[in-house]
Amino acid sequence: MERSARQKAHKILDVLWKECGFARVDVYRQLANYLEVKPNDCHIGKFTEQQCESAINFTKLII
């Protein structure tokens, strides 16, 4: 289940920097701030299912 949640979060976050014109580093820096984690720890591959849902909610605030 976590794997599919990570894939979904990744796909949605990629839209911000691939299609909406945001810099990738800025997207992840802001996401780290939103999740209250260190920028170096903000890696979707390490996220729990709950963190993935939070990341998806983060994108909804921006788009």
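C52 counts as buried, with a relative accessibility of 0%; buried here stands for under 20% relative accessible area, exposed for over 50% and partly exposed for anything in between, using a 1.4 Å probe and protein chains only. This is a predicted model, in which local features need pLDDT of at least 70 and side-chain atom pairs count only at pLDDT 80 or more, while totals for chains, interfaces and linings use all residues. Residues are numbered from 1 along each chain as its sequence is written, and side-chain values use heavy atoms, with hydrogens and water left out.

Stay with C52 for a moment and look for its closest cysteine sulfur. That sulfur belongs to C42 and lies 11 Å away, too far for a bond. C42 is buried as well, at 7% relative accessible area. The structure therefore holds zero disulfides, a disulfide being a pair of cysteine sulfur atoms within 2.5 Å.

Now step back to the whole chain. It has three helices and zero strands, and reading along the sequence gives the pattern α-α-α. Helices (H or I, at least four residues) and strands (E, at least two) are DSSP runs, numbered from the N terminus.

Which two rings form the aromatic pair? They are those of Y34 and F58, with centres 5.4 Å apart and planes at 50°, so the pair is tilted. For Phe, Tyr and Trp (its six-membered ring), rings pair if their centres lie within 6.5 Å; planes under 30 degrees apart count as stacked, over 60 as edge-to-face and the rest as tilted. The pair links distant parts of the chain, since Y34 sits in helix α2 (residues 24-35) and F58 in helix α3 (residues 49-62), 24 residues apart.

Setting aside neighbours within four places in sequence, T59 is in contact with I12, L13 and L16, where contact means heavy atoms within 4.5 Å.

Finally, consider the overall build. Buried residues make up 29% of the 63 residues. Of the contacts between residues at least 6 apart in sequence, 56% join residues at least 24 apart. The C-alpha atoms fill a box of roughly 30 × 20 × 15 Å, taken along the principal axes.
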